[in-house]
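Dear colleague,

Please find below the structure that I am handing over to you, together with its sequence.

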Amino acid sequence: MRISILSFILIASTLSLFSQEKPQKQLKYGAQRIEKRTDKAMQKWRSNRFGQFVTFGLFSVPGGHWEGKYYPGAAEWIKSSAKISDVDYDSIRANFNPTEFDAPGMAKMARKMGAKYALITTKFHDGFCIWPSKYTDFDIENTPYQKDLLKEFIDAYNKEGIDVVFYYSVLDWHHPDWRYDIKNKSDSLAFKRYWDWMTNQVEELMTNYPTVKGFWYDGTWDASVKKNGNYTWDLMKKMQEINPRIISGSRLRADEYGARHFDSNGNMMGDYEQGWERKLPYKRMENDWECVMTVPENQWGYHSDWRGHVKTSTEVIEMIVGSAAYGGNFMLNFGPKGDGSIRNEEVELARKIGNWMDENGEMIYDCEYADLEMQKWGYFTRKKNTNTVYMAVFNVPVDKVLKMNLPKGVKVDSAEFLTVSGDVEIEEAAKNEFYLHIPKRKYREPFVIKLELSSGNRESMFYVAPRI
Ligand code: H76
């Protein structure tokens, strides 16, 4: 009898262990929603897929060198790496005159590269603002340049049909009220003042540049932010009050337990996952996400002396494709020189990417995760809510046969090269296994094959249920 009661308890408790969901915490400052945003603004953001990131500020003037010394670290961090005093760093302002910053020319270059949206550093960690802000003197108004560079940028890019998102650093090396941690009452008062000041700046940005589509916050990893998750919630709410369509990455947010990006229940806080810096997931993702990538290993602001590996156009193209293939966006960073001009390496790279995007962009824009088993030759994308699937081939097999396993009942109705000439021959090699035979020749560039699939499932016109 005893044994049976004991085993009953054992079985019951084991069962409840398996059946019970993870305990959900009651959160006041967690995720605003569980589902993906489906509104027009977010759909547009998602369909953009490829963008340009521009990192520009006072650090662009020293360009990785200080007092004759070379600093190998990220050039935009030079105040920190070269231990530059506030007064000395401030003195860069006297030499900040980016007369070669050609916003219309840059916008044209970005459009030709295939960028549908752009991100620019309005205020980096150093606290310097590239717009005339009524809340600080540490801004572009107080440099020989004087003009509003941010306005030039957003106007020029919008004119080329490119959406603009603002990078804004929460961390601020310049503001006296910024705190890394909250250790006492005075820290907490100072940090509150800082947050109010920052909120004013965000409001100023949204009011003065009303076409801004979103905010890309950075520098939110310190204890001060983690201990004040409610502040990040308030800022998000404030932005939504000003513009309900505004888009914000997950990096802004922390909940009341200090969990960042994803709240203590595992739900994303913000409209897209913003943690993909210089890396890509290369796996199926449940949430919207965006990758930001540098051209050299780790330089965002202008560094006059790039060392180590510099990405080729083919590598970057593979990352653009690899992002779209897993339902994400990709942003390539540019660091204009102190005078505002764009270095030759970046001009050339943009041109090469643009040539490819011009021919093959059809497989990037408005495309999503195809929900097909990826193969070693490259990546699949699917035109949103259709049976049109694209294959981007980066590794051509020596026998020139591209193989794929498709879900049960799914067939390849047609296959054709998007831009290169020649025929693609379809072979149904086995159940659910298709081989595409392509002409036996040398392929010098990654190329795209467009497929029309049909579903064996009469219930659905799609080969798989469309996902948003
Ligand atoms: C760390 C850090 C910053 N976040 C990247 C987007 C760069 O701005 C880099 O300096």
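I begin with the ligand. A nitrogen atom of the ligand lies 2.8 Å from an N or O atom in the side chain of Asp-218. Please bear in mind throughout that this is a predicted model. Taken alone, the ligand exposes 300 Å², and the protein buries 87% of that.

A polar side-chain atom of Glu-76 is 2.6 Å from a ligand oxygen, and a polar side-chain atom of Trp-77 is 2.9 Å from a ligand oxygen.

The residues around the ligand are Phe-53, Glu-76, Trp-77, Phe-124, His-125, Tyr-167, Trp-216, Asp-218, Trp-221, Glu-277 and Trp-300. By class, this shell divides into 7 nonpolar residues, 1 polar residue and 3 charged residues. Glu-76 and Asp-218 are among the charged members of the shell, and His-125 is counted as polar.

I turn next to the domains. The chain is divided into domain 1, covering 40-365, and domain 2, covering 370-461. The C-alpha centres of the two domains lie 37 Å apart.

Where domain 1 and domain 2 meet, 17 residues of domain 1 are in contact with 17 residues of domain 2. The size of an interface is often given as the accessible area lost when the parts come together. Between domain 1 and domain 2, the buried area is about 1500 Å², and carbon and sulfur atoms give 57% of it. On the domain 1 side, Glu-318, Glu-362 and Met-363 supply 37% of the area that this domain buries against domain 2, more than any other three residues.

The polar side of this interface can be described as well. Between domain 1 and domain 2 there are 8 residue pairs in polar contact, counting pairs with both residues at pLDDT 80 or more. The number of salt bridges between the two domains is 2.

With kind regards

Methods. Residues numbered from 1 in each chain as written. Predicted model: local features only at pLDDT ≥ 70, side-chain atom pairs only at ≥ 80, totals over all residues. Heavy atoms only, no water. Near = heavy atom within 4 Å. Polar contact = N/O pair within 3.5 Å; in protein donor to acceptor, adjacent residues only side chain to side chain. Areas by Shrake-Rupley, 256 points an atom, 1.4 Å probe, with all protein chains shown as cover. Domains from an automatic or database assignment. Contact = heavy atoms within 4.5 Å. Buried area = accessible area lost by both parts, 1.4 Å probe. Salt bridge = Lys/Arg side-chain N within 4 Å of Asp/Glu carboxyl O.
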